[in-house]
Amino acid sequence: LKNTQFKNVTGMTEAGHYTSARDVAVIAAHIISDFPQYYGYYKVREYTYNKIKQGNRNALLYTDPSVDGLKTGHTEEAGYCLTASAKRNGLRLISVIMNTSSAQARADQTRVLFNWGFANFEQATPAQPGASLTAAKLQYGVVPEVAAGVDKPWKLVIAKGQGAALKTAVTLNPGLEAPIAKGAVIGKVVASVNGKPVGEAPLVALAGVERAGFFQRIGQRISGWFSK
């Protein structure tokens, strides 16, 4: 978070307590990705406790089936706020609206943002999990190199029509030596569109490599001297 300082856990007004739309979106993204077992609660439209029925104040849950969260808020200083998320055709977007004049206004502005976002952006996959992106050179391994790539699904949101311009570039950590465990992070892979970075992911070893024996390592070192 780049522009946030929390002074309390309630969100109520307090000196020095602030955040930004961008930072709230970051928190929302982590809630969705890191706590999927709890995310379903955000789309519950109503519940009854102590014989009192409570309705969800996120108006979009009642009018847009693609919306499944997240949180409303209101104070006099912050106005009417809404952090929402929607998923259409496999693409998920997050919207953060702050300081509107009414509950209706925050819903209307969120609806406009979602319609614009889904009309202008699409989901892209820079690299498939398990696919080799490069062969990383190793010192002192039983083999001289190891295949490297991403080991988890990697999806990005890019402007529509830019998929053909999506490229990846690999950066390896210096001085890689065996042993290397499968899944060990050995660098990073950066995705870019027309030269502009749009995301990055850890580059991992797609296989394990054992350390060479003593005499094999000596031979590799001598060979390295003559190859310089």
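**Close-up 1. Phe114 and Phe118, an aromatic pair within helix 3.** Searching the whole structure, which is a predicted model, turns up four aromatic pairs. One of them joins Phe114 and Phe118, whose rings are tilted, with 6.1 Å from centre to centre and 40° between the planes. Both residues belong to helix 3, which covers residues 103–120, and they are four residues apart, or about one turn of the helix. Phe114 is buried, its relative accessible area being 2%, and Phe118 also counts as buried, at 12% relative accessibility.

**Close-up 2. Trp116 and Phe121, an edge-to-face pair.** The ring centres of Trp116 and Phe121 lie 5.4 Å apart, and because their planes stand at 70°, the pair is edge-to-face. Phe121 is partly exposed, with a relative accessible area of 25%.

**Close-up 3. The salt bridge of Glu46 and Lys53.** The structure holds eight salt bridges, and in one of these the side chains of Glu46 and Lys53 meet at 3.7 Å, N to O. Glu46 is partly exposed, at 45% relative accessible area, whereas Lys53 counts as exposed, at 56%.

**Close-up 4. Arg88 and Asp64, a salt bridge that links distant parts of the chain.** The side chains of these residues meet at 2.9 Å, N to O. Arg88 is partly exposed, at 24% relative accessibility, but Asp64 is buried, at 13%.

Close-up 5. Arg92 counts as partly exposed, at 24% relative accessibility, and Asp68 as buried, at 15%.

Definitions and conventions:
Residues are numbered from 1 along each chain as its sequence is written. This is a predicted model: local features need pLDDT of at least 70, side-chain atom pairs count only at pLDDT 80 or more; totals for chains, interfaces and linings use all residues. Side-chain values use heavy atoms; hydrogens and water are left out. Rings of Phe, Tyr and Trp (its six-membered ring) pair if their centres lie within 6.5 Å; planes under 30 degrees apart count as stacked, over 60 as edge-to-face and the rest as tilted. Helices (H or I, at least four residues) and strands (E, at least two) are DSSP runs, numbered from the N terminus. Buried means under 20% relative accessible area, exposed over 50%, partly exposed in between (1.4 Å probe, protein chains only). A salt bridge is a side-chain nitrogen of Lys or Arg within 4 Å of a carboxyl oxygen of Asp or Glu.
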